Amino acid sequence: MTEPSSEPAAPEQDPLAVETELPSSLMTVNLGPSHPAMHGTVRLVVTLDGETIVEAVPEIGFLHRGFSKSSEQSTWHQVLPYTDRLNYVSPVLNNVGYIMGVEKLASVKPTERAEYLRVLAGEISRICDHLTCVGAIGLELGAFTVFLYAIEARELLWDRISELCGARVTVSWTRIGGVATDLPPGWEEKLRDCLPRVLELTDEIDALLTRNRIFVDRTRNIGVISAEEAVDWGFTGPCLRACGVNYDVRKAHPYSVYDRMDFEVPLGSRGDTYDRYILRLQEIRQSHRIVLQCLEQLPPGPIIIDDWRYALPPKKDVFTSIEGVMAHFKLIMEGMLIPKGEVYVYTEGANGELGFHIVSNGKGKPYAIQVRGPGLPILSALPRLIKGHAIADLIPIFDSINMIGGEVEQ
Amino acid sequence: MSRLPILRPEGNVPESARLGGEENNVPVMLSRLEDSIGFFERNLSNALGWARKNSIFQYPFVTACCGMEYMSAMAGRYDIARFGAEFPRFTPRQADLLMIVGTINIKQSPVLKRVYDQMCEPKWVMAFGVCASSGGFYDNYATLQGADRVIPVDVYVPGCPPRPEQVLDGLKILQDKIQAQRHRAATVERSPEIAQRDQQRKSFLGKLLGK
Amino acid sequence: MAQAFIELLREKLPDAVVSSHAEKGGDDVVTVKRERLVEAMAFLRNDPATDFKLLRQIAGVDLLTYQTESTGGASLAGREGPAYEPRKKSPVEPRFQVAYNLYSITKKKSLRVRVELRSEDLRVPTVTSLWRTADWWERYIFDMFGVQFEGHPNLQRLLMYPEFVGHPLRKDYPVRKRQPLVPELDFPDLVRGPGPGPGGAGVPMSQTHVGRQNVDPTTYD
């Protein structure tokens, strides 16, 4: 496609010819950091040729909250609320990822019941993340009903999460060696009651969008990327699997109790926006399978280890024994003394591989933590994804990559 | 002896640029307030207050995790549409409530200020969440310690993130505040720059005769 | 785990490898010389036996206070200033480490390649020619630590704004030293620290420091 020049076409070539190319220059538009899309804050400076995007320069940093620096000032458990707010649509997965890293450094294995509970809550969080993403895709393409259904499904799950973990969104639920709270009585029945409704709503969303002509036209072959290029750009998670690369950390390097779960990993073929959307719907269904299996296999037992170097002693020991109150005091005031070392722990977050590079110097607070947010490499490839498309295509592409500002910008 | 806090309708800013610095001596108790102003002004204020509070066009300045609870507040279960505030206007020119949802960091603060400046009077600001109210627990080099450091805020909704019921409570408080704002029929609300410009343009006779 | 790959690297480029070890939790780490970094990375990426096609992350660590940083009172937001006098020469050398976390999808192996840097010579050759994702990660390390990546196409700050002075994740950058962009509003009830700080008398303090006496005003905004 020829780029139109700024000067008008030379008239001496054929004075009677109709000018088919309007002499125009490129236009720069700023899609500012205050986005109507609820995706955090990214500034995109796009250069347009008419409606076609010629170049785009993303600028981030508008949600940089100093996670690494703040976590260096807090004890190992005080970092947990900071990790919640990294990927705030699926906070349990962040908690699990971080605390697994700390457990690796401390060479501590959590109790079995805690492992199952972590997977259970983690998969519920993953369903919430995918619902939010699909809801946002619908919302921004004009399908407001899809958004309402997705948010209602998410509310049902958040009711369960709030009964289990104490909070709807930012839970800070895992602890070194286990989790903080156990299932309240009657929770399992309530979950089994609400899951079919969540699946019903997912099926409704599916029925509304998947074979919808408008939706397909807006998302098919939009934002295509090949598998090799995706790996080169550092993609992981649903965006990579939409290109056909079968890399899911839960299958490749099973951690926690994922090796005992029977589930499939959906794979796309074209790497376009439509595949990413379909993949997320399928992953909701697979996560649902995992949740049911967890409920069946959940063993009884303690939810946190009995090691008072890392886990807070039970309250009755704190109030009745010297060792209990001393252990409690040391753990709260000084933090758990995690041995020296460095680890990169990677888990499958909802958007991709969520990694934590944790360095400990043997003291009660982390020496350095750096998050590998799955959204950062995908966002860095955004100019490559949107180049050549119309500006209206930018919205479905940006939604389908599910960039969460918290994890990209720490 | 404890002092009663004086509720200023224009927000907790000493010199309100928006209302010309007048009305600093508004009595607190509403019944006295109703008596102290005239019939016409009272009804005009009540009518304008009622109309404005029930048709809030919000500009959701969504940055972070509070956006999730914002979505919940907008959606079917904790319906904010019951209060008339469901229509997000994604341009500040058409909005009258700036909801600062989520953390504002220092890089974002000029953007926030500019968005606030682009809004037309009358405008209100709701700080949604503790990060917007006071910086939250991000007390570090990157985070602005509360949006009220750069723009005046009318309602603070604490919570991390606040439950949608808290948001609706904050909206109710804001609606009470909007209802309580007084409007004198005789004067027009002007920003001080415009008032000064008009003053300069008046002739000698105009200044002699007063407003 | 990935020990075999480290051996391959040692065979191919023996003088590039400085050391290697296995960390807790199953990580394998190899430290390479900075000058041979691009060669070593190219080998690791392109050789079909290793096939490290996915660059997950480039992490940076500032080892300045590794021995001295302590806890106790950290949970009470105790220490305000840097752990040592910033103007002195750094007592710990090499001070910075840049770690490349690699992964091979086909071979299912992870590896960490580390480069150690001295504080007066913070330069590393870029690997953007090998992985396109390195672009933003290197910008992040530059932004947070000040490491210059030679050959990078666009080495600018990624997360902080251009007017920001300093590199925040260095251990000698005080955690609460804010550099505001917009002049802040004046409130009569805003708690002010001991003045005069930068910008006039009584620098406003954040809410966690109401009433503190022993604060260094240069470390606040």
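Q: Let's start with chain C. How many bridges join strand 2 to strand 5 there, and do the two run parallel or antiparallel?
A: Three bridges link strand 2 (residues 28–32) of chain C with strand 5 (residues 109–117) of chain C, and the two run parallel. Keep in mind that this is a predicted model.

Q: Which residue in strand 5 is the bridge partner of C:Val30?
A: That's C:Val113 in strand 5 of chain C.

Q: And what order do the strands of that sheet have?
A: The order is 1-2-5-4-3 in chain C; it's an open sheet of five strands with mixed pairing. Strand 1 (17–22) and strand 3 (54–62) of chain C stand at the edges with a single partner strand each, so each has one side without a neighbour in the sheet. On average, neighbouring strands of this sheet are turned by 20° against each other, direction ignored.

Q: Which strands does helix 2 of chain C lie across?
A: Helix 2 (residues 37–46) of chain C lies across strand 2, strand 4 (96–104) and strand 5 of chain C. Helix 2 runs at about 175° to strand 5 of chain C.

Q: Zooming out, how many helices and strands are there in chain C?
A: Chain C has three helices and seven strands. Starting at the N terminus, its elements run α-β-β-α-β-β-β-β-α-β.

Q: What share of chain C counts as buried?
A: Of its 221 residues, 39% count as buried. As for contacts in chain C between residues at least 6 apart in sequence, 58% join residues at least 24 apart.

Q: How many bridges join strand 6 to strand 7 in chain A?
A: Eight bridges join strand 6 of chain A to strand 7 (residues 353–360) of chain A. A:Glu342 stands opposite A:Val359 in strand 7.

Q: Why does A:Leu281 count as partly exposed?
A: Because A:Leu281 has 19 C-beta neighbours inside 10 Å, and being buried takes 20 or more.

Q: What does A:Leu281 touch?
A: Leaving out residues up to four places away in sequence, A:Leu281 touches A:Val134, A:Thr202 and A:Asp206. A:Leu281 and A:Ile205 are 76 residues apart in sequence, with 9.0 Å from C-alpha to C-alpha.

Q: On to chain B. Which residues in helix 4 are buried?
A: In helix 4 (residues 109–118) of chain B, B:Ser109, B:Val111, B:Leu112 and B:Val115 are buried. They cover an arc of only 155° around the axis, which puts them on the same side of helix 4 of chain B.

Q: What do those buried residues pack against?
A: The buried residues of helix 4 pack against strand 1 (58–62) and strand 2 (97–101) of chain B.

Q: Last one: how many residues does the contact take from chain A and from chain B?
A: The contact takes 27 residues from chain A and 28 residues from chain B. Helix 5 of chain A gives the largest share of the chain A side, four residues.

Terms used: Residues are numbered from 1 along each chain as its sequence is written. Chains are lettered from A and ligands numbered from 1 in the order in which they are written. This is a predicted model: local features need pLDDT of at least 70, side-chain atom pairs count only at pLDDT 80 or more; totals for chains, interfaces and linings use all residues. Two residues are in contact if their C-beta atoms, placed from the backbone, lie within 7 Å. A residue is buried if 20 or more other C-beta atoms lie within 10 Å of its own, exposed if 12 or fewer, and partly exposed in between; C-beta atoms are placed from the backbone. The arc is that of the directions from the helix axis to the C-beta atoms. Two strands pair if DSSP finds at least two bridges between them. Axes are lines fitted to C-alpha atoms, for helices over the stretch in contact, and angles run from 0 to 180 degrees between N-to-C directions.
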